[in-house]
Amino acid sequence: MRFASRRDVARGKADMTPMIDMTFQLIAFFMVIVNFSEGDRNERIRLPISELAKPPDAPAKSPITLHLTDAGTVIFGPDEVSIPGIRQLLEREQRFLRARGDDPRAATIIIRGDRAARTGQVQELIRVCQQVGFERFVLRARQEFASLAELAPSG
Amino acid sequence: MRMGQRREEDTGVELQMTPMIDIVFQLLVFFVMTFKIAAPEGDFNIRMPLVAPSEGIPEPDALPPITIRLSALSDGRLASIQFGQRQLKNFLELRERMIEMLGPDPGPSVIESTEVELDCDYHLRYEYVIEAITAVSGYVDPKSGQVIKLVEKIKFAPPRAG
């Protein structure tokens with residue numbers, strides 16, 4: 001009797017090509033859409049909705065993003081301060097811009113205000129920024145269709 | 001001499017696929033874990049006069065701004081919308097009044113010369129301000145899907161105690 005030796009047994013080989021193709025395509029997809037710039041986002045802020053809030057065509061020059069919470073505090077980078085307290089941080093930012101050779105008046109303050117924040121607080125924040133020397137402001141909103149008839153006066 | 005036989009044995013070169021597949025899957029897992037679906041965001045430009053207003057004679061062609069008064073209840077909800085002397089039902093009506101005043105498709109000169117001032121109570125919830133800005137800024141044409149601009153210059157009046 002002659003038994004087949006192990007060497008004679010044909011080893012089954014899986015074709016890896018389609019799997020590698022698909023995996024690389026997935027990686028390419030995620031690499032293209034990944035966004036590491038988390039500095040201008042904050043999960044705590046629920047932005048107001050607007051159908052006309054289109055993403056800007058060109059990025060703002062020297063953008064400074066301020067997050068105004070519903071409690072009336074301002075988040076700037078890792079710091080959370082009161083509205084008057086933001087002055088010190090903005091002055092530091094202004095010095096940094098000057099040292100870099102940029103004009104602080106050309107910098108854009110992006111205000112990401114929570115939808116439940118008070119309008120007066122947004123205006124106070126703008127006033128503090130003006131006092132420091134910033135002049136350009138944009139109000140950020142989430143782009144989503146919302147019927148204008150929904151938010152009617154309650155009084 | 002058995003050279004021919006040796007050549008046949010050496011033809012199969014095996015690439016080590018395992019390390020490559022390992023690293024590729026690690027990359028894939030990293031991207032999947034860090035992936036976040038972020039809603040698109042957009043901006044509204046706001047014109048705010050400087051703290052110290054510039055002295056001098058104002059421009060003779062400058063029109064007075066259209067004032068929209070938004071008053072609030074004590075809890076921040078919207079109490080009323082006032083456009084000139086008229087009380088409006090909602091922001092949709094505000095947009096209709098703006099279209100009535102400026103035309104359905106105002107040209108660049110009208111957009112450039114028209115300014116809206118929002119006069120809001122301090123405690124008004126911010127979402128109503130964005131609604132008002134949306135209503136006066138323009139609208140999406142239902143036929144073409146294009147945004148028709150009405151006003152670009154928007155500013156705030158000093159906040160009221162409310």
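**Exercise 1.** Compare the span of H3(A) with its expected span, then list its buried residues.

Solution. Start with the element: helices (H or I, at least four residues) and strands (E, at least two) are DSSP runs, numbered from the N terminus. H3(A) has 14 residues. The expected span is 1.5 Å times one less than the number of residues. At 1.5 Å a residue, 20 Å is expected, and the helix reaches 20 Å from its first C-alpha to its last, close to that value.

Next, burial. A residue is buried if 20 or more other C-beta atoms, placed from the backbone, lie within 10 Å of its own. In H3(A), this holds for A:Thr119, A:Gly120, A:Gln121, A:Val122, A:Gln123, A:Glu124, A:Leu125 and A:Cys129. Just after the helix, A:Gly133 takes a positive phi of about 130 degrees.

The model is predicted: local features need pLDDT of at least 70, side-chain atom pairs count only at pLDDT 80 or more, and totals for chains, interfaces and linings use all residues. Residues are numbered from 1 along each chain as its sequence is written, while chains are lettered from A and ligands numbered from 1 in the order in which they are written.

**Exercise 2.** Describe the side of chain A that touches chain B.

Solution. Contact requires C-beta atoms, placed from the backbone, within 7 Å. By that test, 48 residues of chain A are in contact with 51 residues of chain B. Helix H1 (17-33), strand E5 (108-113), helix H3 (119-132) and strand E6 (136-143) of chain A each give two or more residues.

Now take the strands. Pairing needs at least two DSSP bridges. E6(A) runs antiparallel to strand E1 (residues 41-46) of chain B, joined by six bridges. A:Leu139 has B:Phe44 as its bridge partner in E1(B).

**Exercise 3.** Characterise the packing of H1(A) on helix H2 (residues 18-34) of chain B.

Solution. Two packed helices are described by the angle between their axes and the distance between the axes. Axes are lines fitted to C-alpha atoms over the stretch in contact, and angles run from 0 to 180 degrees between N-to-C directions. Here the angle is about 35 degrees, with the axes 10 Å apart. For residues, A:Thr23, A:Leu26, A:Ile27, A:Phe30 and A:Met31 meet B:Val24, B:Leu27, B:Leu28, B:Phe31 and B:Val32.

**Exercise 4.** Which strands of the five-stranded sheet in chain B stand at the edges?

Solution. The sheet is open, ordered E4-E3-E2-E5-E8, with mixed pairing. Strand E4 (86-88) and strand E8 (153-156) of chain B stand at the edges; each has a single partner strand, so one side of each is left without a neighbour in the sheet. The twist averages 25 degrees from one strand to the next.

Conventions: Contact = placed C-beta atoms within 7 Å. Buried ≥ 20, exposed ≤ 12 C-beta atoms within 10 Å, placed from the backbone.
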